[in-house]
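The following report describes a single protein model for computational use.

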Amino acid sequence: MDVAILMTCYNRREKTLSCLFDCYRQIDAMSGSGTYSFSCYLVDDGSTDGTAEAVAQQFPQVRIIRSDGNLYWNQGMRLAWDTAANEKDFDFYLWINDDIRLHEGAIASLLENSEFFRHKAIVAGTAVDQDGNISYGGRTRSMKLIDPDPTIPVPCYLFNGNLVLVPKAAYSVLGNLDPSYTHSFGDFDYAVRAAWKDIPKVVCPGILCDCDRNPGIPAWADPADTLRKRYHSLLSPKGRPLGEQFRFDVRYMGLIRAVLHFISLNAKVLFPIKNYLRKTSDEQDHLHS
């Protein structure tokens with residue numbers, strides 16, 4: 001069965017190379033059995049630190065797609081996915097963030113658990129930060145991170161896009177990530193659309209990778225910044241662009257609650273709270289670095 005690894009990167013050369021090293025150490029070991037074959041598609045979104053050149057030198061088998069620096073996570077992953085799907089009819093699409101450190105056997109575990117569901121379920125991996133706390137992974141409908149079971153997969157409603165296996169059965173129904181989003185929301189939106197179509201989503205057993213949370217309070221909620229800077233941050237691709245946020249909220253929780261959240265976000269910018277991040281980290285910290 002053919003697996004497409006999808007990645008996007010920007011100016012994180014060492015992290016990107018480290019992630020690819022982890023990937024190829026695992027997939028080279030798995031490829032020997034003849035069960036799976038792997039192809040890696042990496043979008044380099046205008047890196048100026050030599051990422052693309054270093055990848056080409058150290059991993060010549062990686063398909064590098066260059067862009068101009070305006071894609072961010074969601075659009076970069078869309079481009080990688082479109083490129084892969086147009087070149088081959090893959091059995092799986094594996095999303096990998098280039099800032100994760102894969103644990104031994106992580107990719108094999110995702111595929112083994114997919115087999116348990118006859119390759120019809122989306123399988124999300126769980127990440128921990130340097131203190132051993134869960135940082136990304138599957139989430140409940142209220143956005144609370146799910147503590148994975150050590151031996152069996154457990155259901156989830158949402159998932160972060162850091163490490164996710166999408167089988168062809170799901171892709172054939174859902175297609176690519178939604179083009180309406182620039183950076184964030186695409187992963188959560190994909191999970192919501194999967195729920196609409198009754199496509200199972202599960203959290204793979206155990207911890208599969210390391211990945212720290214984005215540090216600090218978001219600039220749009222920081223009382224130390226001016227109102228102008230806070231709104232500029234909110235509307236930026238890595239903030240909470242209000243149109244994209246509203247689109248996701250309508251799909252996720254309906255029109256009335258989406259309107260209330262729109263008002264709430266603006267209130268947080270106008271009247272920032274110092275302990276914002278502490279209060280909402282479990283519910284809101286799903287933005288990609």
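## Aromatic pairs

A search of the whole structure finds 19 aromatic pairs, where rings of Phe, Tyr and Trp (its six-membered ring) pair if their centres lie within 6.5 Å, with planes under 30 degrees apart counted as stacked, over 60 as edge-to-face and the rest as tilted. In the pair of Trp-81 and Trp-95, the ring centres are 5.8 Å apart and the planes stand at 70°, so the arrangement is edge-to-face. This pair links distant parts of the chain, since Trp-81 belongs to helix α3 and Trp-95 to strand β4, 14 residues apart. Helices (H or I, at least four residues) and strands (E, at least two) are DSSP runs, numbered from the N terminus. Trp-81 is buried at 0% relative accessibility, and Trp-95 is likewise buried at 0%; buried means under 20% relative accessible area, exposed over 50%, and partly exposed in between (1.4 Å probe, protein chains only).

Phe-116 and Phe-117 form an edge-to-face pair, with 5.2 Å from centre to centre and 85° between the planes. Phe-116 is exposed at 61% relative accessibility, whereas Phe-117 is partly exposed at 24%.

## Aromatic cluster and a charge over a ring

One aromatic cluster is formed by Tyr-41, Trp-73, Trp-81, Phe-90, Tyr-93, Trp-95, Phe-159, Tyr-171 and Tyr-190. Elsewhere, the charged end of Lys-201 sits over the ring of Tyr-157, 4.3 Å from the ring centre. The criterion is that NZ of Lys or CZ of Arg is within 6 Å of the ring centre and within 35 degrees of the ring normal.

## Sheet and covering helices

An open sheet with mixed pairing is formed by 8 strands in the order β3-β2-β1-β4-β12-β6-β13-β10; two strands pair if DSSP finds at least two bridges between them. Strands β3 (63–67) and β10 (154–155) stand at the edges with a single partner strand each, so one side of each has no neighbour in the sheet. Strand β2 (residues 37–45) runs parallel to β3 and is joined to it by 5 bridges. The bridge partner of Val-43 in β3 is Ile-65.

Helix α2 (residues 51–58) lies across β1 (2–9), β2 and β3, at about 170° to β3. Helix α3 (residues 72–87) lies across β1, β2, β3, β4 (92–96) and β12 (163–167), at about 150° to β1. Axes are lines fitted to C-alpha atoms, for helices over the stretch in contact, and angles run from 0 to 180 degrees between N-to-C directions; contact means heavy atoms within 4.5 Å.

## Buried segments

Helix α6 (residues 186–196) has 9 of its 11 residues buried, so the helix is largely enclosed by the rest of the structure. Among these buried residues are Phe-188, Tyr-190 and Arg-193. After α6 comes Asp-198, whose phi is positive, near 60°.

Asn-162 lies in the loop between β11 (158–159) and β12. With a relative accessible area of 3%, Asn-162 is buried. The C-alpha atoms of Asn-162 and Ala-106 are separated by 13 Å, although the two residues are 56 apart along the chain.

## Basis and confidence of the model

This is a predicted model, in which local features need pLDDT of at least 70 and side-chain atom pairs count only at pLDDT 80 or more, while totals for chains, interfaces and linings use all residues. Residues are numbered from 1 along each chain as its sequence is written, and side-chain values use heavy atoms, with hydrogens and water left out.

The protein chain averages a pLDDT of 92, and 94% of the residues score at least 70; pLDDT is the predictor's confidence in each residue, from 0 to 100. Over residues 275–289 pLDDT stays under 50, and the model has 48 contacts beyond four places in sequence for them.
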